[in-house]
Amino acid sequence: ARTAAVIPAAGRGVRLGPGAPKALRPLGGTPMLIHAVRAMAASRAVALVVVVAPPAEVAEVRALLDSHALPERTEFLVVPGGGTRQESVRLGLDALPPRIDTVLVHDAARPLVPVDTVDAVIDAVRAGAPAVVPALPLADTVKEVEPRAADRPGDPEPVVATPERARLRAVQTPQGFRRDTLVHAHDTVGVDGEGATDCAGMVERTGAPVVLVPGHEEAFKVTRPLDLVLAEAVLARRRA
Ligand code: CTP
Ligand code: MG
């Protein structure tokens, strides 16, 4: 089996606030993307990392990869991304050479995922699961609401239902796939307005089985400013 990691990193990071594209913002003095690339390359199974960069920053990302110490055994490609995460993942898949049969898709915005989680996902794919997702139980109870009227954003929201929390999982990345399974999902599931928020959700729609393995607290996604505070603290603890 030959494994590649596709890292969608082409988002702007609107929820993080104004500044450089999220993947290029520093964490412990190093761009978040470099942490994510190192996390993938830390797995001995990963032979190739494809970074899907913001289209205006492809050269900058290439230069970043060349100027940071990365494992010699791993090959690195940089391709321009698209307007949605789903499109960016597709562009990354299109860049994979024929020898690759197993694909991880990992958010640049999850810079601190431990290598044991990466390896657990790869192992589950190699053991025969076509789609594998790291996931954790929820701390918060979740409510389902009516779609909000666009013209009344401040109104209280009526609750429709409360799904049983014990049956819910919050999913992370890297998500691992047989290459043919993920490419088939991209070929058959159309681009839906907002775009799928997760690759496994597209695979589910093709009817292929998706399984979960234990995720890790440190694989959380840096989305809002408070997440950056937590990420800096986790990194400082590791370096202590
Ligand atoms: N992503 C991408 N291409 C896009 C949009 C998102 O490659 N057009 C990537 C992001 O760079 C990120 C991952 O998908 O690594 C998860 O997306 P998210 O956390 O939503 O990042 P952003 O879209 O950048 O953030 P925001 O939604 O706040 O703008
Ligand atoms: Mg986004």
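Predicted model: local features only at pLDDT ≥ 70, side-chain atom pairs only at ≥ 80, totals over all residues.
1. Confidence first. The average pLDDT for the chain is 95, and 96% of the residues score at least 70. On the model-level scores, ipTM comes out at 0.99 and pTM at 0.96.

2. Now the core. The largest nonpolar core counts 56 residues, and Val6, Ile7, Leu33, Met40, Val49 and Val51 have the most contacts inside it. Helix H1, residues 32-41, gives this core its largest share, with eight residues.

3. Val6 deserves a look of its own, as one of the residues with the most contacts inside that core. Setting aside residues up to four places away in sequence, Val6 touches Val50, Val52, Val89, Gly92, Leu93, Val103 and Val105.

4. On to ligand 1. It is surrounded by 22 residues, with Pro8, Gly11, Val14, Arg15 and Ser88 the closest.

5. Last, Glu157, which sits in the loop between strand E8 (144-145) and strand E9 (159-161). Is Glu157 buried or exposed? Glu157 has 12 other C-beta atoms within 10 Å, so it counts as exposed, the cut-off being 12 or fewer. Beyond its neighbours within four places in sequence, Glu157 is in contact with Val145, Glu146 and Arg148. For Val145, 12 residues away along the chain, the C-alpha separation from Glu157 is 6.5 Å.

Terms used. Residues numbered from 1 in each chain as written. Chains lettered and ligands numbered in written order. Core = buried A, V, L, I, M, F, W, Y, C linked by C-beta atoms within 7 Å. Buried ≥ 20, exposed ≤ 12 C-beta atoms within 10 Å, placed from the backbone. Helix = DSSP H or I, 4+ residues; strand = E, 2+ residues; numbered from the N terminus. Contact = placed C-beta atoms within 7 Å. Near = placed C-beta within 6 Å. pLDDT = per-residue confidence, 0-100.
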